[in-house]
Amino acid sequence: ELLARRSASTGPGATSDGHPVALLANIGSARDLAPSVEGVGLFRTELLYLDRTEPPAFAEQVAAYQEVFAALPGRKVVVRTLDAGADKPLPFLRLADEPNPALGIRGLRVARTMPSVLDTQLSAIAAAAAATSADVWVMAPMVATAGEAAAFAASCREHGLRTAGVMIEVPAAALRAGAVLRDVDFLSIGTNDLSQYTFAADRMCGDLAELLDPWQPALISLIAACAAAGREAGKPVGVCGESAADPDFALVLVGLGITSLSMAARSIPAVREALAAHTYDECVQFAKAALAADTPTAARAAVRP
Ligand code: PEP
Ligand code: MG
C-alpha cells in the first residue's frame, strides 16, 4: 500500500481506472525544473528576450534550450515561441505605439513584421533538440486562424521540427479548432488569454475576476469544442493556463477530453491526487454537468455538490 501511495504521489497522471493524463510543468527557464516532472507542457521563452535592444544570438538561444532539453532525456518538452507584445513588451521589437496592445502585434503576429526573429528561434530550437533526446514539441502563441496555424507548422517543418502545434487563446481559433488542427499536430489551450479575449476582460484586472473565472460556461464551451475537435482528429489537446491547476477543474477538463494538463510544478501533486481519486467516467459526468450549468457557481457545484 505504501508503494501504491508513493507511485500515486509521483508517478504519471491517471484517473483511478488508469485513463492517462499527462501532468506537465510550466517553466520559464531551466531553473524552474523539478526533477520528477513527467515533462514540460509550456516552456515560456520570453525570459531570454527581456531587456534586450537586440534579440538573443543564435548560440545563446541554443545553449538555453539545450539546458532544458538535456535535463529531460526522453521526456516531452513543449517550447512556445516568443510571445512578445501586449503585457510583454520587448525593446528590440520597436513596435509602434498601440492604443490596444492586447489586440495588436503580439505573439505569432510579430513574425509578420519581423520574420527573422521566429526564424532564428526555430533554428535554435531545432539545433538544441538535435543535440539531446528530449521529445521536443513547438507551439505558437496567439494564433487566430487556420491559415496562421498552417504557416507556422510549415515553418517548423522547414526547420526539421517534427511536432508543431498552436495555442488556443483567441476565441476565433477555438471556434474553428477542427480547421486549425488540420495542419498541426496538437493544440494547447491557454485559458488565461482565452478568458481575456472571450470575455473582453483584461486578465490583469482584479475587478473583473468574476468574468475571468475559468468555470464560466462560455469558457467551458470553447474548451469542449477544442477537445471534441482533437478527439475527431485523433490529436492531443492540452490545457496550459492557470485553470489546469485547480484540481476540481482538472477533473472537468479530463472529462471533456483534454489529454494533458500543464501547470506550475508545485500545483501538480494536488491535481494528480484529484485524478487518482476519480474514474474517467466520473470525470465525464462532471464535464457534462459543468457544460449544462448556467453560472460558474452552478458549474462548481456539479463537481462539489
Ligand atoms: C495563457 O494565456 O493561458 C498562457 C498559458 O500563456 P501566458 O500566460 O504566458 O500568456
Ligand atoms: Mg497566453
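User: Is helix 10 (residues 247–256) largely enclosed by the rest of the structure or largely open, and how many of its residues are buried?

Analyst: Keep in mind this is a predicted model. The buried residues in helix 10 run from Phe249, Ala250, Leu251 and Val252 through Leu253, Val254, Gly255 and Leu256. Helix 10 is therefore largely enclosed by the rest of the structure, with the buried count at 8 of the 10 residues.

User: What about helix 9 (residues 217–233): how far does it reach from its first C-alpha to its last?

Analyst: Helix 9 has 17 residues, and at 1.5 Å a residue you'd expect 24 Å. Its buried residues include Leu219, Ile223 and Cys226, and Cys226 is also one of the residues with the most contacts inside the largest nonpolar core.

User: Are helix 2 and helix 4 parallel, perpendicular or oblique to each other?

Analyst: Their axes are 8 Å apart and the packing angle is about 45 degrees. The contact includes Phe58 and Tyr65 of helix 2, along with Ile125 and Ala128 of helix 4. Angles from 65 to 115 degrees would count as roughly perpendicular and those under 35 as roughly parallel, so this pair is oblique.

Key:
Residues are numbered from 1 along each chain as its sequence is written. Chains are lettered from A and ligands numbered from 1 in the order in which they are written. This is a predicted model: local features need pLDDT of at least 70, side-chain atom pairs count only at pLDDT 80 or more; totals for chains, interfaces and linings use all residues. Helices (H or I, at least four residues) and strands (E, at least two) are DSSP runs, numbered from the N terminus. The expected span of a helix is 1.5 Å times one less than its number of residues. A residue is buried if 20 or more other C-beta atoms lie within 10 Å of its own, exposed if 12 or fewer, and partly exposed in between; C-beta atoms are placed from the backbone. A nonpolar core is a set of buried Ala, Val, Leu, Ile, Met, Phe, Trp, Tyr and Cys residues joined through C-beta atoms within 7 Å. Axes are lines fitted to C-alpha atoms, for helices over the stretch in contact, and angles run from 0 to 180 degrees between N-to-C directions. Angles under 35 degrees count as roughly parallel, over 145 as roughly antiparallel, 65 to 115 as roughly perpendicular and the rest as oblique. Two residues are in contact if their C-beta atoms, placed from the backbone, lie within 7 Å.
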